[in-house]
Amino acid sequence: YALRVFLFACLLGGILSVFYGFFKILRIAIKFNAFVIAVQDFVFWFISGLAVFMFALWQNDGIVRGYVLAGALIGALLYYLTVGALITRSAQAIVGFFQRISEKIKSAARVRAEKAKKKKELSRQQKSTKKTRRAQEKAQARLKKSAERIKKPKNKRKSRKKREKPS
């Protein structure tokens, strides 16, 4: 009976290590601050403690025996030293690959955004230049008209009497 409980405890330790591996991979993929890491650790240890307690209730009527804790620890170490190390290295490689691709995409997007910004700025400057040119042309036309008015002699208005025809 104790051997069966011990083996199940080893399985529980492996399962808890898989659960911790999830947090480990998440930490590899995303850089968290100390507070978030502390919350993750608290959640892991809370769930682990609850799992060991529930296991003890299921197998030993709630009595946590040393071989149950030893089995969970051995199962966790076996996972960590075998499959866990492989999964962690694979996750690091996969995350690194996607981070490199992401950086290339971000770099290309930055270059496109800068080109679009320069094009927009150039277009704005051209519009501004056109407006300025039109304003200058209008001002020159006004000056030209006023200069022509000054140069032209003023015609004296004919009186009304002269307009009327003699009868």
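Here is a quick look at confidence, salt bridges and a charged patch in this predicted model.

The protein chain comes in at an average pLDDT of 82, with 90% of the residues scoring at least 70. Helix 2 (residues 34–60) gets the highest confidence, a mean of 88, while helix 4 (residues 160–163) gets the lowest, at 54.

Now for the charge pairs. Side chains of opposite charge can pair when their charged atoms come close.

| Salt bridge | N to O distance |
|---|---|
| Asp-41 and Arg-27 | 2.5 Å |
| Lys-106 and Glu-103 | 4.0 Å |
| Glu-121 and Arg-124 | 2.5 Å |

Take Asp-41 and Arg-27, whose side chains meet in a salt bridge. This pair ties together distant parts of the chain, 14 residues apart, with Asp-41 in helix 2 and Arg-27 in helix 1 (residues 2–29). Asp-41 counts as partly exposed because its relative accessibility is 26%.

Lys-106 and Glu-103 both sit in helix 3, three residues apart, or about one turn of the helix. Lys-106 has a relative accessible area of 42%, so it is partly exposed, and Glu-103 is partly exposed too, at 44%. Glu-121 and Arg-124 are also three residues apart in helix 3, so about one helical turn separates them. Glu-121 is partly exposed at 31%.

Finally, there's a positive surface patch made up of Lys-127, Lys-130, Lys-131, Arg-133, Arg-134, Lys-138 and Arg-142. One of its members, Lys-127, lies in helix 3 (residues 66–151). Is Lys-127 buried or exposed? It counts as exposed, because its relative accessibility is 54%.

Key
Residues numbered from 1 in each chain as written. Predicted model: local features only at pLDDT ≥ 70, side-chain atom pairs only at ≥ 80, totals over all residues. Heavy atoms only, no water. pLDDT = per-residue confidence, 0-100. Helix = DSSP H or I, 4+ residues; strand = E, 2+ residues; numbered from the N terminus. Patch = residues over 30% accessible without salt bridge, like charges linked within 9 Å, V, L, I, M, F, W, Y side chains within 5 Å. Areas by Shrake-Rupley, 256 points an atom, 1.4 Å probe, with all protein chains shown as cover. Lys, Arg positive; Asp, Glu negative; His and termini not counted. Charge placed at Lys NZ, Arg CZ, Asp CG, Glu CD. Buried < 20%, exposed > 50% of the residue type's maximum accessible area, 1.4 Å probe, protein only.
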